[in-house]
Every structure is written in C-alpha cells, then in structure tokens.
Amino acid sequence: MLLEVKNKMEEFCRISQEVQNFCTEHGVSEEKYQNISLILDELITNVVSYAYPDGNQHTFTINLEECDEKICMCITDDGMPFNPLSLAEPDTESSIEDRKIGGLGIFLVKQLSETVAYSRVDDKNQLYVKVSIL
Amino acid sequence: MEVKSEDKGGIIVLTPIGRVDTSTAKIFEDAAIAAANTNKKIVISFKAIDYISSAGLRVVLMLGKKLTAEKGVLVLVDMPDKIFAVFKMSGFDKILKIVSTFEESKQFFN
C-alpha cells in the first residue's frame, strides 16, 4: 500500500485510519499495531517538522508491505538530507536534571522495530523499518 | 484532547483525556505549565489516555525537570500497561515517580 502524504500534521488522522485498515487486513496483532502506529507517528512528525524548512507544501510517501510475517514500512521524502539514525541516543541512565529532552522519537522507533535503516537515494531520504506481525 | 485540572487537598491533579501526540501535545504542555506556575505539587493521572507519543513524553519530562529544579514534586498515577511500557522504554520509570493510585502518590507530598 502506497500512501501519499502532505507535509502537515492534519494528515496523520487519515494515515492512521489507512494504517489501521492495512494492519487488520494483514492479521497484525493489537500490540504490534499500536507499535506500528507509534513508529509512523514519530517518523511522520520528523518529516513534517524538519524535512522542508522552506515552509511550502510538499508530498512524501509511505509504503507498507507485508512479507514473511513482517510489516515493512518505507518513508521516502525529497527534503533536506537527514539521517535520523545519526542522532545521539538519549542517555536513559542519566538523572532527571541531566536528561536531555530531544531524540526520544527516533529512539522509540529503534526500540519498537526489528530493523531500521536509512539511505539517501536519488536525492531522497529513505527510512526503512521492519516490525513482526505477531 | 483536553486536560482536566483539579485541586485535591493542595495537590493539583491533571487528567489528560484522549491521545497525546504531536498535534495535541501543546494543549497538554500549556496545562502542565499553568499548573506548575501556581502549585509545586502535581499529579498526572493517565487513566483517560489511550496513546502517547514522544511529543507527550517530552511534556512530562519537561514538567518533571521544572518541578525538580523548583523543589516541587511530580507523581504519575493510573497508568495503563501500554502507556507504562512506553515510559519504561524511554527510561522514564527511573527518573519519574510512578505509582498505581492517587492515594499512593500522597507519600511523596509530606
């Protein structure tokens, strides 16, 4: 399933419904559906917030596929080159005073998925995420 | 999404209702800051929350940091398992006070 998404947060509601339908059709468990939903929320937020600093309207894509009991997601945007996996991970051992506020979204994505990979192809950012169905 | 705020014996109890994600986190943040500006004893009840993303976690961390710096106390209660799972994954269970009920939170306010 290929979804075209505009770079505004209001899109999330529509995408959320499409993803829920896709997960139901492919027998994704409730727990994994919740995880997939959170992963896409974080990744869409990143693209909408940071990929297009010009403030103009752009369209990026989300591709969802099922293969061998896994859901593979690929988010492709033609925004600024940015590898979210290069961000420093939050230090989950630090005290509340020292704990930094950023970097949590992509950290959750990594925690909730089996594989996360970034590539820059044809002047586009591609983030590939794999989650098991059960 | 809305945030209910009530005073229970000098403790402000904030109850966000609905989904806390990027599009609604600002409402939660405004309520959290407003509460912290008037009272340093705050409880957040998660009983009416079915979803939280990093945008919502950020608000909770920001409030925890603010209250810690101002010698206040923040306690989180009524957390559904799936919400607790996200807090634990983020390491927030180590830096924030999380207990089952409002009654249990009272021990931190003496």
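Trainee: Over which ring does the charged end of B:Arg19 sit?

Mentor: A charge sits over a ring if NZ of Lys or CZ of Arg is within 6 Å of the ring centre and within 35 degrees of the ring normal. Here, the charged end of B:Arg19 lies over the ring of B:Tyr51, 3.9 Å from its centre. Likewise, B:Lys8 places its charged end over the ring of B:Phe102, 4.7 Å from the centre. This is a predicted model, in which local features need pLDDT of at least 70 and side-chain atom pairs pLDDT 80 or more, while totals for chains, interfaces and linings use all residues. Residues are numbered from 1 along each chain, chains are lettered from A and ligands numbered from 1 in written order, and side-chain values use heavy atoms without hydrogens or water.

Trainee: How many aromatic pairs does a search of the whole structure find?

Mentor: Rings of Phe, Tyr and Trp (its six-membered ring) pair if their centres lie within 6.5 Å; planes under 30 degrees apart are stacked, over 60 edge-to-face, the rest tilted. Over all chains there are two such pairs. B:Phe46 and B:Phe87 have ring centres 5.4 Å apart and planes at 75 degrees, so they meet edge-to-face. The rings of B:Phe87 and B:Phe92, with centres 5.9 Å apart and planes at 70 degrees, are therefore also edge-to-face.

Trainee: Is B:Phe46 buried or exposed?

Mentor: Buried means under 20% relative accessible area, exposed over 50%, partly exposed in between (1.4 Å probe, protein chains only). B:Phe46, at 1% relative accessibility, is buried. B:Phe87 is at 0% and counts as buried, and B:Phe92 is buried as well.
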